[in-house]
Amino acid sequence: MENDIELEIGSGSGPGDYTVRVIRALAGGEPSATFTLDVDALLDRRAELEDAVLTSAISTRRTISRAEKPLREVGQQLFQALFTGPVNGTYRASLGAAQRSGQQLRVVLRLTASELAGLPWEMLFDPETESYLCRTRPLLRRIPASDYSPDPLEVVPPLRILGIAASPRDLGALDIDAEKQHLARALAEPIAAGLVELVWVPQATWSSVQAHLLGGPWHIVHFIGHGGYDLHGQEGHIALISASGRSDMVESSRLVDLLREADPTPQLVVLNSCSTGEAGEEDLFSGTAAALVRGGISAVVAMQFAVSDTAAVAFARGFYDAIAHGRDIDKAAGSGRTSILGLASLEWVTPVLYVRGSSTRLFTLSGRPVPHKPGPPPGPEVNPVYLALGGMALLIAGLTNGWFHFFPMSGQQAQTNYSVYVFAHAAALALFVLAGLPDGSRTGRIILGIAACAALLTIGNNTVALMYTLRFVEVACGLWAGGRLVQARTLTGWPRWLLLLLFVSLTLVTVLEMVVPLAIWTTLLFTAAGALFVLAALRLAKGCPRPVRLRVLGAVTGTALAVVAATAIILWVPGTAGKP
């Protein structure tokens, strides 16, 4: 705090006029000045700036120097507007005082005019020293809080990080598996040293996040996903996932209440907007970050632009490693920027640090960390509703297969039976794929599409070669789905080994059925497997919230009624020669 130069920037007497006042400075004095700034013109350049920053992640050094030009232009414009007249004199004097004492001057901004929050102040460029401020000294945005200088939270390692990754199906798709792997790779060393523990919320729904927060303590919350700003409600928000898989927009005020479910409330929140190819949007998280800090979170790191995977990994590595070694939050943010600099990328400008009050020391680490013993990598979670529906669909496939082979049928009945069989088989496969999918998995969506196309092409097509080819495609998709389910951490004991046995058996029967008559075995296997999948889903549902348990029971009951309806449709088809 004694090494700060803290500036308060607010609205002036007219449109485009602003005032800047030195609240405290290392060199002393509290001068003020006025300046004019075309905020709208600068905000209109956000798309250009974001493109330049993201392009630098894949460019050569020569290209980077050209891409840096708009950053330097905007940064110099902001610097010359802010550090004007006597304010600039105080800044230069404070720089000299810090150098003479061997200390590092910290630049602190208080933005009291809301339209200024969306400007990229991290681009501040000093033309006299030809340097970006955030690369040579700590730079943060402070949210005022009366008498808020809490003691650092004493933590016995590891620092516990709760990860939340959300990709609703109605927003830009994110590869959630890849994002989790990136963060795990970035934290591999501090996790192995016992300094950090990373735990992911399996489903980024309100109820699941709440349940995990209650199971704390959590020191840090790391969110990966979509965010925005509601102009009508004048409030930032993040996108969690609803029960239907669509977006559940959580306003920053509700998010603060949700985070308070943890005891103690997490000291730090990191908001990470992944690169989705949607450049040029407004600052995604500035409103949310400021609201979280006002609501009681000690510090928030937000990404003001979309960030590439490599830069996200580099920042997380430098940032969390510094925190795990006891650094202040502002210096940890600087370490994260330095890690990005090692990539020869301009994305060091993307992270923004918001701090509540005057304290930047969030944690005091006490005790010796216990080295982490590596275990098997966490597997995907399983959705018991889809698993139950898949089991019921497989049960229908087994029943229709038995009816076809063991009951005399007319030609129309046989055709109807075959259509129901194929639909049930394809539905079971699709539901098993969905059961093992993480939210927004591109791979899973592709495989699901292949399975659906295979089923649709098979219906009504009597070409044996084509039918067998498509069945092999279905087997491959089924094996992928089975592998996902068997890896699931929520499956333990007999359900895991049962699933493995079932998928191996289903694959063998599906292949052998093409060359050997296996009517009775196919019927028995499909029927028994479907019933056992339903039992496994019911067992999984026991550990889920009540709404999920009710959905599983509803799915089983509803599909059981569908079995009765299928029986009636097949055995009493109108216009046939009677019942079998």
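The structure holds 18 salt bridges. It is a predicted model, and a search of the whole structure finds five cavities of 30 Å³ or more.

**A salt bridge**

- One of the salt bridges joins the side chains of Glu73 and Arg45, with an N to O distance of 3.3 Å.
- Glu73 belongs to helix α3 (residues 61-82) and Arg45 to the loop between α1 (39-44) and α2 (46-55), so this pair ties together parts that lie 28 residues apart in sequence.

**Helix α11 and its contact with α12**

- The axes of α11 and helix α12 (residues 329-341) come within 7 Å and cross at roughly 145°.
- This crossing of α11 and α12 is right-handed.
- On the α11 side, the contact is made by Ala311, Ala314, Phe315, Gly318, Phe319, Ala322 and Ile323.
- On the α12 side, the residues in contact are Ile329, Ala332, Ala333, Ser335, Gly336, Arg337, Ser339 and Ile340.
- Sorted by class, the contact of α11 with α12 comprises ten nonpolar, four polar and one charged residues.

**Helix α11 and its contact with α6**

- Helix α11 (residues 309-324) also meets helix α6 (residues 176-186), where the two axes come within 8 Å and cross at roughly 35°.
- The crossing of α6 and α11 is right-handed.
- Helix α6 contributes Glu179, His182, Leu183, Arg185 and Ala186 to this contact, while α11 contributes Asp309, Val313, Ala316, Arg317 and Tyr320.
- The contact of α6 with α11 contains five nonpolar, one polar and four charged residues.

**The second largest cavity**

- The second largest cavity holds about 110 Å³ of space.
- It is lined by 14 residues, and those closest to its centre are Leu183, His222, Asn272, Ala312 and Ala316.
- The elements that give two or more residues to the lining are α6, β11 (220-224), β15 (268-272) and α11.
- Helix α11 supplies the largest share of this lining, with six residues.
- By class, the lining of the second largest cavity divides into ten nonpolar, three polar and one charged.

**Helices α8 and α9**

- The axes of helix α8 (residues 206-214) and helix α9 (residues 252-259) come within 9 Å and cross at roughly 35°.
- Trp206, Val209, Gln210 and Leu213 of α8 make this contact with Arg254, Leu258 and Leu259 of α9.
- Five nonpolar residues, one polar and one charged make up the contact of α8 with α9.

**Backbone features**

- Most residues other than glycine have a negative phi, and most peptide bonds are trans.
- A cis peptide bond joins Pro157 and Pro158, with omega at about 15°.
- Pro158 is placed in the loop between β8 (153-155) and β9 (159-165).
- The peptide bond from Asp263 to Pro264 is also cis, and its omega is near 5°.
- Pro264 is found in the loop between α9 and β15; α9 is the helix in contact with α8, and β15 gives residues to the lining of the second largest cavity.
- Glu130 is not a glycine, yet its phi is positive, at about 50°.
- The position of Glu130 is in the loop between β5 (125-126) and β6 (131-132).

Note on methods
Residues are numbered from 1 along each chain as its sequence is written. This is a predicted model: local features need pLDDT of at least 70, side-chain atom pairs count only at pLDDT 80 or more; totals for chains, interfaces and linings use all residues. Side-chain values use heavy atoms; hydrogens and water are left out. Axes are lines fitted to C-alpha atoms, for helices over the stretch in contact, and angles run from 0 to 180 degrees between N-to-C directions. Helices (H or I, at least four residues) and strands (E, at least two) are DSSP runs, numbered from the N terminus. A crossing is left-handed if the near helix is turned anticlockwise from the far one by less than a right angle, and right-handed if clockwise. Contact means heavy atoms within 4.5 Å. Ala, Val, Leu, Ile, Met, Phe, Trp, Tyr, Cys and Pro count as nonpolar, Asp, Glu, Lys and Arg as charged, and the others, Gly among them, as polar. On a 1 Å grid over the protein atoms alone, a cavity is a set of points where a 1.4 Å probe fits but cannot get out, and a pocket is an open set with protein on both sides within 12 Å along at least five of seven lines; lining residues have an atom within 4 Å of a point. Grid points are joined across faces, edges and corners, and a volume is the space filled by probe spheres set on the points. A salt bridge is a side-chain nitrogen of Lys or Arg within 4 Å of a carboxyl oxygen of Asp or Glu.
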